[in-house]
Amino acid sequence: MDPQLSEALGLAGVYQAIIRPLLVAIILFGLWHALARTNLGSRQRLLGWTAVAAALVLWVTIVWTLALQGTFALEPGAPRLLQIVVVLAPMIILIISALTLLTRSQTIVAAVDAAPLWWLIAYQMARVNGGVIFLPLWYYGFLPGFFALPAGIGDTLTGLFAMVAVVALWRDAPLARPLAYAVNVFGMADLIYAFSMGVTSVLVSTTAEVSPIVMYPLVMVPAFGVPIAFIVHGLSIWQLRRRGRLALNGQFALQKS
């Protein structure tokens, strides 16, 4: 492996080792406090939180172990489409399954209804450091600009926009909710675009080398970072829609009384 690539991946690995567990801890911390705001019994709250915690810890542990073992990085010369499917298929399944299960759980519904609107948006603030991983690798020529630049810059912009939306929601400013919707849509579009460009960069590569995108630690981004960010975006939009319906129903009830 190129020494510069090895050094860049090593630095990215240190970043991943810090940021991924921290983001999982933030999610679980927020869920615990959201459940504490509900009227659910302590046993139901504990069971709900434990189930989510176990799923998240198991997910990140499995992905991390497989990434370290090089499971996602197939041998040089392996069909490029297969390299994509190995990462893409589990990611899509995880996103769909997680959103389906979470939105049908009474415990999660109660937590989402009890949590302030800005909590889920605040998670995306961590993406302000999106360029830390991709831009150095683009600078040294290990990742193509049409993938690395949108991925790094788009994540950074999402994080900055999320900060603005969090402040607006916290202060209940005018147009705060439309801004929250906009941040979620922009963030999801950024994830989809960046991932599609990542797929393209692997497919059009003219070298026989394994793409850094499917090597550790970069593969942690599509295998864990992207799905979890997409799921949180989806839950935030769901929360905004539910809160809007509850507000309308409450206003209708008030008018009738």
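Helices are DSSP runs of H or I with at least four residues, numbered from the N terminus, and a helix axis is a line fitted to C-alpha atoms over the stretch in contact, with angles from 0 to 180 degrees between N-to-C directions. The model is predicted: local features need pLDDT of at least 70, side-chain atom pairs count only at pLDDT 80 or more, and totals for chains, interfaces and linings use all residues. Residues are numbered from 1 along each chain as its sequence is written, and side-chain values use heavy atoms, without hydrogens and water.

**First stop: two crossing helices**

Select α1 (residues 3-36) and α4 (residues 106-114), whose axes come within 8 Å and cross at roughly 85°. The two helices are therefore roughly perpendicular (65 to 115 degrees). Next, display L31, A34 and L35 of α1, which meet T107, I108, A111 and A114 of α4 (contact: heavy atoms within 4.5 Å). Six residues of this contact are nonpolar, one is polar and none is charged (nonpolar: Ala, Val, Leu, Ile, Met, Phe, Trp, Tyr, Cys and Pro; charged: Asp, Glu, Lys and Arg; polar: the others, Gly among them).

Select W59 in α2 and F224 in α9, which lie 165 residues apart in the chain. How far apart are the ring centres of W59 and F224? The distance is 4.9 Å and the planes stand at 65°, so the pair is edge-to-face (Phe, Tyr and Trp rings, the six-membered one for Trp, pair with centres within 6.5 Å; planes under 30 degrees apart are stacked, over 60 edge-to-face, the rest tilted). By this rule the count is six aromatic pairs.

Definitions and conventions
Parallel < 35°, antiparallel > 145°, perpendicular 65-115°, else oblique.
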